[in-house]
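Q: I've got this structure open and would like to go through it with you. Can we take it piece by piece?

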Amino acid sequence: MHYEQVFAARGSDYDRAMQTFPNARDAEFWQLLTRGKPSQGEVIADVPAGGGYLQRYLPTGCYYWPHEPCDAFHHGGGRSPGLVGGENAPYASEEGNSLLPLPWANESVDLAMSLAGVHHLDDKAPLFAELYRVVRPGGRMVLSDVAAGSPQAAFLDEVVGAYNLTGHDGRYLTHNTETELETQGWKVMSSEHIACDWWFVDHQAMGLFCHRLFGMVKTDPESVLQAITNWLGTFPHDDGAVSMPWALHTLVAVKPSDDRVGRRTAI
C-alpha cells in the first residue's frame, strides 16, 4: 500500500498514541535535531509530518513547514506552515491530498527533515528529487528511518504486519539509499545507525502505545507487549520506567552551494 493509503486507514490511531504518550519517542526527535542543527530564522520542512510532532522540539524562531497528505492525523501540524512561537509564514499552495509534489517554491527551505516515513515508499527517488528542489543551495536534509535487516524492521514486518489492517512490508534504508540521494544531487555528509529507545512509565504504557501507534487492532495491548518482549526485549530502569529497544539509520545530506556540482535540472 502507498503511504497515503496506509495512514488514511490508521493515521488517527497513530496520532492518538502520540498525543497520549508525547514523550515516548523523544530520543528519535532529539537525534534528528542534533544532526540537523536548526537555528532561529530557518525554514524547517517536515515531510511526511504526521501530526506535526517535530514542531515542539524546534528552537523558538524557526519557521516550521509540515507537509502531511493524510487528514487522519487530525490533531497536529497538517499542512499549514508557521513560525514556532510566532506568526504564519507564506508558502506555495497545496496540490491535492498527496505526498508529492511538495507544496513549496524552489529553494525556499533551509533544512528538510524526514523521520520514519519513507519506508512506506516503494520508490524514494521522487521524494529525494522534490526535497532537492525546495531546499536552497547550501541547505541540508536529515533522513532517518529503520534500517533493512534490523530487529526493528523484522518486528514491523512480522509482528505489526500480522496484527494491523494494512499489513506491513517496509522498504527500509539500505546502502543504496546513499546512492539514491547522490543521484538526485545531494552530497551525503554522514550515515549513522543510532540507538533511540522508546521510553515509558511502565510496561502497560508500552503495550498500549504500540498497540495504538501501529494500529494492531487484531490483537490486544497485552499481546503486543509480549511480542515486543519476544522480538526486541525491554529494559527496566531504577525508577520503575521501562524502555523498548529502537534504532534508526540517519543520513545527513547537503545541497551543494554551486548547483552545477549536483543535479542541474530542477523538477
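A: Let's settle one term before anything else: helices are DSSP runs of H or I with at least four residues, strands are DSSP runs of E with at least two, and both are numbered from the N terminus. Please also keep in mind that this is a predicted model.

Q: Fine. Where is A116, then?

A: A116 sits in the loop that runs between β4 and α3, the helix of residues 125-134.

Q: And what is phi of A116 near?

A: Phi of A116 is near 60°, which is a positive value in a residue other than glycine.

Q: Which loop holds E107, and what is its phi near?

A: E107 is placed in the loop between β3 and β4, and its phi, near 55°, is likewise a positive value in a residue that is not glycine. With a relative accessible area of 44%, E107 counts as partly exposed.

Q: What about the peptide bond from L100 to P101, cis or trans?

A: That bond from L100 to P101 is cis, with omega near 0°, and P101 is found in the loop between β3 (82-83) and β4. The peptide bond from V47 to P48 is cis too, with omega near -15°, and P48 belongs to the loop between β1 (43-46) and β2 (63-66).

Q: Let me step back. How many helices and strands are there in the chain?

A: The chain has seven helices and 10 strands. Of its 267 residues, 55% are buried, and among contacts with a separation of 6 or more, 72% are between residues 24 or more positions apart.

Q: Changing topic: how many cavities of 30 Å³ or more does the structure hold?

A: There are two cavities of 30 Å³ or more. The largest cavity holds about 180 Å³ of space, and of the 18 residues that line it, Y14, P48, A49, G50 and L115 are the closest to its centre.

Q: Which elements supply at least two residues each of that lining?

A: Those are α1 (3-20), α2 (26-36) and β4 (109-115), with α1 giving the most, three residues. By class, the lining of the largest cavity has 13 nonpolar, three polar and two charged residues.

Q: And how much space lies in the second largest cavity?

A: About 150 Å³ of space lies in the second largest cavity, and 17 residues line it, of which Y14, A116, H119, L156 and F214 are the closest to its centre. Here again α1 provides the largest share of the lining, three residues, while the classes come to 10 nonpolar, three polar and four charged.

Q: Okay, on to α6: mostly covered or mostly open?

A: Mostly covered, since eight of the 11 residues of α6 are buried, among them M206, F209 and H211. The buried residues of α6 pack against α1, β7 (198-200), α7 and β9 (242-244).

Q: At what angle do α1 and α6 pack?

A: They pack at about 150°, with their axes 7 Å apart, which means that α1 is roughly antiparallel to α6. From α1 the contact takes in R10, D13, Y14, R16, A17, M18 and T20, and from α6 it takes in F209, R212 and L213. The residues of this contact of α1 with α6 comprise five nonpolar, one polar and four charged.

Q: How do the axes of α6 and α7 cross?

A: Helix α6 (residues 203-213) and helix α7 (residues 221-231) have axes that come within 8 Å and cross at roughly 100°, so α6 is roughly perpendicular to α7. On the α6 side, H203, M206, G207, L208, C210 and H211 meet P221, V224, L225 and I228 of α7, and that contact has seven nonpolar, three polar and no charged residues.

Q: Last one: is G36 buried or exposed?

A: G36, which lies in helix α2, counts as buried because its relative accessibility is 1%, under the 20% cut-off for that class. Leaving aside residues up to four places away in sequence, G36 touches L111, M113, R140 and V142. The C-alpha atoms of G36 and V252 are separated by 7.4 Å, although these residues are 216 apart along the chain.

Key
Residues numbered from 1 in each chain as written. Predicted model: local features only at pLDDT ≥ 70, side-chain atom pairs only at ≥ 80, totals over all residues. Heavy atoms only, no water. 1 Å grid on protein atoms, 1.4 Å probe; cavity = no way out; pocket = protein on both sides within 12 Å on 5 of 7 lines; lining within 4 Å. Points joined across faces, edges and corners; volume = space filled by probe spheres on them. Nonpolar A, V, L, I, M, F, W, Y, C, P; charged D, E, K, R; others polar. Axes fitted to C-alpha atoms, helices over the stretch in contact; angles between N-to-C directions. Parallel < 35°, antiparallel > 145°, perpendicular 65-115°, else oblique. Contact = heavy atoms within 4.5 Å. Buried < 20%, exposed > 50% of the residue type's maximum accessible area, 1.4 Å probe, protein only.
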